[in-house]
Structure formats: C-alpha cells, structure tokens
Amino acid sequence: MKVTDIMKKRMSLSFEVFPPKMDKPVEPLYSVLEKLYSLDPDFISCTYGAGGTNAGRHMEICERIQKSDNRTVAISHFTCIGSTKEDIRREMQASLDLGIDHVLALRGDIPKGWESTRGDFHHASELIAYLRDVFGSRFTIAMAGAPEKHIEARSFDEDIAHLRMKQDAGADILMTQLCYDTDGFARWVEKIRAAGITLPIDAGIMPVLSKDSVIRMCLGTNGCSIPRPLAELISRHYNDTPEDFRKAGIEYTIDLTYKFMNLGISGIHFYTMNKADAVLEICEGCGLTHRK
Ligand code: FAD
C-alpha cells in the first residue's frame, strides 16, 4: 500500500531507524524492529550515510522491513552526494527489484572539506525530477523540509521556494526535520501552504531522552532552536541521573507529540535513534497504540 493513500485515510504513525556500522552486529536492530512492529507502524524508514557509507547495510535493513510479513512499508532514505545519474539509476532499480518503492530523496549534507556534492546533482529537486523521469510513478517519493529553515538557506523565502521546486519536481510527501518549537512549526505550515505547497506533512519528532543528545541534535548540525520550555526542562533536570532525565524527557515528548497531533498534519514520524523502548512508552503515553 502507498503511504500517501494511508495518509488520506488517517494520521500515519512511523519510525526512523539507522543501520549499524558494517563491523557491528545487525541482530540488535532486528530486535528493535520487532518491538516497533508491535505498534503497527504505517512505515519505517532507514537512514542512508551521505556518500554511500553503510550503503549495503541500509538496503539490507530496508529489505528486512519491507519483507516483514506485510506488517509495514519500508521507506529508503537516499542521498545524491557523490553519485552519478547512472549510480542512482542502478541503485534505485535494485531497490525496486527488492520491492522497495518508497524513497526519501535527499541531497545529503555536504561532507566537511567538499565544495559541492561531487555528483551529477546539486540539489534534491534535481534528484526527484530524475527519479520521476526514469521511473515514472513507480516510486512514492518523500522530500525533506526544515520548519526552522535549512541551515544553508539565507531566508525562509528562499528555502520555501526551493521546497516548492521539490514538490513541482514530483515529490509526494513532505517529511520534516526535528523541531521542538511547535509555534514556529505552525507558522511555517501557514507559510508553505500560502506558497502553494500542498503535500501531506509528516512531522519528525526527536524524543527527548538525554540533555546531551538534545543539545547535539539541535545545535550540532541542524541549527534548531531549544525553546524556553525545553530549556527549562534541561535546566531543572541538568544534574539528574540519566534515568531521571529520561523519565522527564519522555513526559515532555508525550506533550510535544500531542501538540503536533493538533497541528493538522498527516503523520507523526519518530526519530527512534534505535531506542524502541522509549518510543513504545511515548506512543503508549499519547494513545498511539492499537490504531488499526
Ligand atoms: P535540498 O532540498 O537540496 O536543500 C539543501 C539546501 O539547498 C537548502 O538550503 C535549500 O534551500 C537549497 N536549495 C535547494 N534547491 C536549490 C536550488 N535549486 N538552488 C539553490 N539552492 C537550493 N541526511 C543523510 O545524509 N542521510 C539521511 O538518511 C538523512 N535523512 C533525513 C531525513 C529527514 C526526514 C530529514 C528532514 C533530513 C535527513 N537528512 C539525511 C539530512 C539532509 O540530507 C540534510 O538536511 C541536507 O543538508 C539537505 O538535504 P535536502 O534533501 O533537504 O537538500
């Protein structure tokens, strides 16, 4: 089933996982997947190392998800960093051959010291247009959006215009970057709708599980803000044990998820960081169990 059809019927629930490094065992991730299946997710996506790092593992995980006895759908992340058109055509055909026909088409972060993507495409819109051109409607294509503006863009106007180009190139779903500022998110939704972006929005939620990971995720690469209530939570629990911080963070994430659910979006997508137990607690806390 196409994820876009599910989103027409109900708010979807989905998860992101990442593949283990090549020298690490894959079985722990399989246990994570089993736990996530118990929540009847509409899809599970798997990240892709820009420039093809861990590429083998990534496809292995996507195949595993796709062949989960019809329990869910796999969305394969793919970045065009360092790839020629021919590389992309081959890799995407291999994906279809495995039955994986949903892709999150990304440019990827430009590695440090590189001045460009060192591939045939410079932006995700070109990748999306190419996938449509070569594969027609065989793929359901998701694209990324940054509710607080992509860090490289000089303005919201610029970034939203580029977002519109990705829709026009043929994307079907808009998946968002982590964002803890739900008021800012709501303003961004208004702005992109005014700009003619009509795609279903799948909101990415990063569970608050440790202060270090929140600070790293927000400030390390993405330039995302830590709004006052989250800053207060971190300050109040700054010297707590990891277990106590996690407990407070899960409560916070449950409230955050409810806020997103009330923004008229089409899906909730948890960045699980391969921590299934925390995600199970959050989904139970906000009634996202036994939905089907
Ligand atoms: P683009 O859409 O190409 O945008 C990148 C920048 O270029 C933006 O500032 C945009 O405004 C600008 N731009 C776009 N088009 C043009 C144009 N025509 N002319 C000038 N400027 C333009 N990264 C990974 O490496 N692996 C993953 O698995 C992964 N998964 C992700 C999942 C989600 C849900 C999200 C939101 C992001 C993910 N990323 C991942 C991160 C992503 O690769 C980075 O945010 C990357 O820097 C931008 O990718 P993009 O597809 O948004 O690029």
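## A quick word on contact

Here, two residues "meet" when they have heavy atoms within 4.5 Å of each other. Keep in mind that this is a predicted model.

## Two helices side by side

Let's start with helix 2 (residues 27-37) and helix 11 (residues 276-285). They pack at an angle of about 10 degrees, and their axes are 9 Å apart. Angles under 35 degrees count as roughly parallel, so helix 2 is roughly parallel to helix 11.

Which residues of helix 2 meet helix 11? They are Val32, Lys35 and Leu36, and on the helix 11 side you'll find Ala276, Asp277, Val279 and Leu280. Sorted by class, this contact of helix 2 with helix 11 has five nonpolar residues and two charged ones, with no polar residues.

## Around the ligand

Now for the ligand. It is surrounded by 24 residues, and Tyr48, Asp109, Asp159, His162 and Lys166 are the closest. That shell splits into 10 nonpolar, nine polar and five charged residues.

Helix 6 gives the largest share of the shell, four residues.

## Polar pairs and burial

Some of the pairs here involve the protein backbone. A backbone N or O atom of Tyr48 sits 2.6 Å from a nitrogen atom of the ligand, while one from Ala124 is 2.9 Å from a ligand oxygen atom. With His162 it's the side chain: one of its polar atoms lies 2.8 Å from an oxygen atom of the ligand.

How much of the ligand does the protein bury? On its own the ligand exposes 970 Å², and the protein buries 85% of that. Strand 3 (73-79), strand 4 (102-106), helix 6 (156-169) and strand 6 (173-176) are the elements giving two or more residues to the shell.

Conventions. Residues numbered from 1 in each chain as written. Predicted model: local features only at pLDDT ≥ 70, side-chain atom pairs only at ≥ 80, totals over all residues. Heavy atoms only, no water. Axes fitted to C-alpha atoms, helices over the stretch in contact; angles between N-to-C directions. Parallel < 35°, antiparallel > 145°, perpendicular 65-115°, else oblique. Nonpolar A, V, L, I, M, F, W, Y, C, P; charged D, E, K, R; others polar. Near = heavy atom within 4 Å. Polar contact = N/O pair within 3.5 Å; in protein donor to acceptor, adjacent residues only side chain to side chain. Areas by Shrake-Rupley, 256 points an atom, 1.4 Å probe, with all protein chains shown as cover.
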